[in-house]
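Hello,

Here is the structure we talked about. Please open it alongside this note, and then read on for what turned up.

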Amino acid sequence: MHIGLREWREDDAPAVLRAFQSPDLRDQAPWPVVTPQDAVGWIASWHGAGHAFAVTADDRVVGNVAVTKIDGHGTGWVSYWVVPEVRGRGIAVAATRRLARWAFDERGLFRLELAHRTNNPASCRVATRAGFRSEGIERGELCYGGVRYDVERHARLATD
């Protein structure tokens, strides 16, 4: 299986719409993605917000990796997701590694950070397998539906 990263295109909207129908991905968008127009808007929202890439497996869009919140210290915030039907195949790990290499080599960043809810061990496995070291637990950091969640922060340096 060939894993690739490429810029998002407007004609990827059907893949985005399908992805956000998954219950565990619905909260990954800043607004509900329930129409084709919402999906086009989600793609367009990345312009100027950071660097997001469509993750492809054999030329089919199956996920997203991004680096945002780039600051003056050479630090950026990484996020990733893949659709449920391809999970467990190493696609998210490969894509996150490739994004990190791009961020260090092409964008000149030094430190990449990410965090996941502690009740998401799959995301933790992606982070650690992609070379992101755990830096600790942030208690009560996120709130979804009135429920507070602890998150585990990870980071990867260009020198790792």
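Is glutamate 113 buried or exposed? The model is predicted, and in it glutamate 113 is buried, because its relative accessible area is 17% and the cut-off for buried is under 20%.

Glutamate 113 lies in strand E5, residues 111-117. Its side chain makes a polar contact with the side chain of arginine 153, at 3.0 Å. Beyond its neighbours within four places in sequence, glutamate 113 also contacts Thr75, Gly76, Trp77, Val78, His154 and Ala155.

Next, the core. The largest nonpolar core has 46 residues, and Trp42 and Leu112 touch the most other members. Among the elements that give two or more residues to this core are helix H2 (36-45), strand E4 (75-82) and E5. H3 gives the largest share, eight residues. Not counting residues up to four places away in sequence, tryptophan 42 touches Trp8, Val16, Phe20, Ala29, Pro30, Trp31, Val33, Asn64 and Trp81.

Now the rings. There are seven aromatic pairs. Phenylalanine 53 is buried at 8% relative accessibility, whereas tryptophan 102 is partly exposed at 25%. Trp8, Phe20, Trp42, Trp46 and Trp81 form one aromatic cluster.

Two charges sit over rings. The charged end of lysine 69 is 5.8 Å from the ring centre of tryptophan 77. Arginine 117 lies over the face of tyrosine 149, 4.4 Å from the ring centre.

Best wishes

Note on methods
Residues numbered from 1 in each chain as written. Predicted model: local features only at pLDDT ≥ 70, side-chain atom pairs only at ≥ 80, totals over all residues. Heavy atoms only, no water. Helix = DSSP H or I, 4+ residues; strand = E, 2+ residues; numbered from the N terminus. Buried < 20%, exposed > 50% of the residue type's maximum accessible area, 1.4 Å probe, protein only. Polar contact = N/O pair within 3.5 Å; in protein donor to acceptor, adjacent residues only side chain to side chain. Contact = heavy atoms within 4.5 Å. Core = buried A, V, L, I, M, F, W, Y, C linked by side-chain atoms within 4.5 Å. Phe/Tyr/Trp six-rings, centres within 6.5 Å; stacked < 30°, edge-to-face > 60°. Lys NZ or Arg CZ within 6 Å of the ring centre and 35° of its normal.
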